[in-house]
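Reader: I would like to learn how to read the features of a structure one at a time, with the general idea stated before the particular case. Could we begin with the display?

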Amino acid sequence: MIEMTNVSKTYPNGVLAVNNINVKINKGEFVYVVGPSGAGKSTFTKMMYREERPTSGKIIINGTDLSTLKESKVPLLRRNIGVVFQDFRLLPKLTVFENVAFALEVIGENPREIKRKVLDILDLVQLKHKARFFPDELSGGEQQRVSIARSIVNNPGVVIADEPTGNLDPDTSWEIMYLFEEINNRGTTIVMATHNKEIVNTMKKRVIAIEAGKIVRDEARGEYGFYEYD
Ligand SMILES: Nc1ncnc2c1ncn2[C@@H]1O[C@H](COP(=O)(O)OP(=O)(O)OP(=O)(O)O)[C@@H](O)[C@H]1O
């Protein structure tokens, strides 16, 4: 469960990116975060995985209070939160297998278990046959599937995705969205910031709309709304 109480974030340059947000996201929910460019969506999601810290307020993720969490405990928190970015962020010198295995190696998983888990997850994202490929030998959609595999290989309770289809064509975006839906159907909470109007309007999930750092709309089977982008 994710709970924010009176959360605000002012960056050192004085920009108030998130302004007194209160929200509760239950286990197993699929939530889209929408809103105009610069509204505070990334800041809102970054605070969930402690990439940014709130200036004030309280954030609780699966029982852990992030506002008082020691820096040394952040890696432990990240094990239970998968993160997916628009630009994939794969390690270019590692193969697909190694990119996914990396998350397990750092926690000291044994090699046999690593192999089993990585191949299982690559099977789920339909990339087992490309396990030995390098990121630059893959299409954008394939790279995103590897990054999704990496985000879920530790079996986290929550996956946060910031604009995961932003670099992908419409068909590939749909493939990625169905993959997230499958992961959600297995019980993982998904929080996704997106500008993809068609997908949000078709999927009929919970929609949280942020404008100027505030939640202006929170609907169970919501719509994208009307925002203009570049
Ligand atoms: N590291 C930072 N330092 C200072 N200001 C920042 C920083 N990151 C974001 N901001 C500012 O905070 C506000 C919210 O930015 P944020 O990236 O959260 O918006 P967003 O809704 O995710 O935008 P987009 O849809 O364009 O990605 C903006 O005014 C932005 O310029």
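Reader: Which residues in helix 5 are buried?

Author: A residue is called buried if 20 or more other C-beta atoms lie within 10 Å of its own, exposed if 12 or fewer, and partly exposed in between, with the C-beta atoms placed from the backbone. Helices are DSSP runs of H or I with at least four residues, strands are runs of E with at least two, and both are numbered from the N terminus. In helix 5 the buried residues are Glu142, Gln143, Gln144, Arg145, Val146, Ser147, Ile148, Ala149, Arg150, Ser151 and Ile152, so that helix 5, with eleven of its 13 residues buried, is mostly covered. Please keep in mind that this is a predicted model, in which local features need pLDDT of at least 70 and side-chain atom pairs count only at pLDDT 80 or more, while totals for chains, interfaces and linings use all residues. Residues are numbered from 1 along each chain as its sequence is written.

Reader: What covers the buried residues of helix 5?

Author: Two residues are in contact if their C-beta atoms, placed from the backbone, lie within 7 Å. For the buried residues of helix 5, the cover includes strand 6 (81–85), helix 3 (96–105), helix 4 (111–124), strand 7 (158–162) and helix 6 (170–185). As for its length, the expected span of a helix is 1.5 Å times one less than its number of residues, and helix 5 (residues 140–152) reaches 19 Å from its first C-alpha to its last, close to the 18 Å expected.

Reader: In what order do the six strands of the open sheet stand?

Author: Strands of a sheet pair through backbone hydrogen bonds, either parallel or antiparallel. Two strands are taken to pair if DSSP finds at least two bridges between them. Here the order of the six strands is 6-7-8-3-9-10, and the pairing is mixed. Strand 6 and strand 10 (214–219) stand at the edges with a single partner strand each, so one side of each is left without a neighbour in the sheet. From one strand to the next, the twist averages 15°. Angles run from 0 to 180 degrees between N-to-C directions, and axes are lines fitted to C-alpha atoms, for helices over the stretch in contact. Helix 5 packs on this sheet by touching strand 6 and strand 7, and its direction makes about 165° with that of strand 6. Helix 6 also packs on the sheet, touching strand 3, strand 7 and strand 8 (189–193), and its direction makes about 150° with that of strand 8.

Reader: Which way do the residues of strand 8 point?

Author: In a regular strand the side chains alternate between the two faces of the sheet. In strand 8, Thr189, Val191 and Ala193 point one way and Ile190 and Met192 the other way, and all are buried. Strand 8 pairs in the parallel sense with strand 3 over four bridges, where valine 191 is the bridge partner of valine 31. Strand 7 also runs parallel to strand 8, joined by five bridges, and valine 159 stands opposite isoleucine 190.

Reader: Why does phenylalanine 30 count as buried?

Author: Phenylalanine 30, which is found in strand 3, counts as buried because it has 20 C-beta neighbours inside 10 Å. Leaving aside residues up to four places away in sequence, phenylalanine 30 touches Asn184, Ile190, Lys205 and Arg206. By contrast, leucine 76 in helix 2 (residues 74–79) is exposed, with 12 other C-beta atoms within 10 Å.

Reader: Which residues are around the ligand?

Author: A residue is near a molecule if its C-beta atom, placed from the backbone, lies within 6 Å of it. Around the ligand are Tyr11, Asn13, Val15, Ala17, Gly35, Ser37, Gly38, Ala39, Gly40, Lys41, Ser42 and Thr43. Ala, Val, Leu, Ile, Met, Phe, Trp, Tyr, Cys and Pro count as nonpolar, Asp, Glu, Lys and Arg as charged, and the others, Gly among them, as polar; the shell divides into four nonpolar, seven polar and one charged. Helix 1 (residues 41–48) supplies three residues, the largest share of the shell. Six of the eight residues of helix 1 are buried, among them Lys41 and Thr43.
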